[in-house]
Structures are given as structure tokens and as C-alpha cells.
Amino acid sequence: MLVDPPIDKLEKMADCKYMLVCGVAKRARELLQQSPDLEYERNEKAISIAAREVFSGKVVIVKE
């Protein structure tokens, strides 16, 4: 379950929930491609890392 960042605040980072889900999932896949053992090294899921990056503004979700 995603607790940090709070999902209600994360929703404001994209135009709609669908874009948010797609953007976070895409970033999580990129992270796993860069480092396949990332989840074991940091002891957390790639999706949590991606969500935190979107929330902090490191990754911006834009409509293509």
C-alpha cells in the first residue's frame, strides 16, 4: 500500500488519475531497467520510489 507520499496529494501532480498511474508506472519501469536489483538494494518497491520522485517534482508527468 502506498502511504508516502499520500495519494490525495499525489493526485494533484497530474491532470487526471490515469495520467498519474501511467506516469508513475513508466518511471518505475525505467528505474528497474537501470538497476534490476534496485528493490533489493533499497529494500523498497520501484513504484514507491517513482511515486516519491513525482511528488517531489524530480519527475514531471506531461501529456504527450
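These notebook entries record what I looked up in the structure above.

**Basis.** I am working from a predicted model, in which local features need pLDDT of at least 70 and side-chain atom pairs count only at pLDDT 80 or more, while totals for chains, interfaces and linings use all residues. Residues are numbered from 1 along each chain as its sequence is written, and side-chain values use heavy atoms, with hydrogens and water left out.

**Overall fold.** I counted 4 helices and 0 strands in the protein chain, taking helices (H or I, at least four residues) and strands (E, at least two) as DSSP runs numbered from the N terminus. I then compared the radius of gyration, taken over C-alpha atoms, with the globule rule of 2.2 Å times the number of residues to the power 0.38; for 64 residues a compact globule would have a value near 11 Å, and the protein chain agrees with 11 Å. The C-alpha trace spans about 30 × 25 × 20 Å along its principal axes.

I found 33% of the 64 residues buried, where buried means under 20% relative accessible area, exposed over 50% and partly exposed in between (1.4 Å probe, protein chains only). For the nonpolar core I used a set of buried Ala, Val, Leu, Ile, Met, Phe, Trp, Tyr and Cys residues joined through side-chain atoms within 4.5 Å. The largest such core has 15 residues, of which Leu 20, Val 24, Val 54 and Ile 61 touch the most other members. Helix H2 (17–34) and helix H4 (46–56) each supply at least two residues of this core. Looking up Leu 20, and leaving aside residues up to four places away in sequence, I listed Leu 10, Glu 11, Ala 14, Val 54 and Ile 61 as residues that Leu 20 touches, a contact being heavy atoms within 4.5 Å.

**Helix H4.** I noted as buried in H4 the residues Ala 46, Ser 48, Ile 49, Ala 50, Ala 51, Glu 53 and Val 54. The cover over the buried residues of H4 includes helix H1 (7–10), H2 and helix H3 (38–42). After H4 comes Gly 57, with a positive phi near 95°.

**Gly 23.** I placed Gly 23 in helix H2 and found Gly 23 buried, with a relative accessible area of 17%. The C-alpha atoms of Gly 23 and Ala 50 are separated by 8.8 Å, although these residues are 27 residues apart along the chain.
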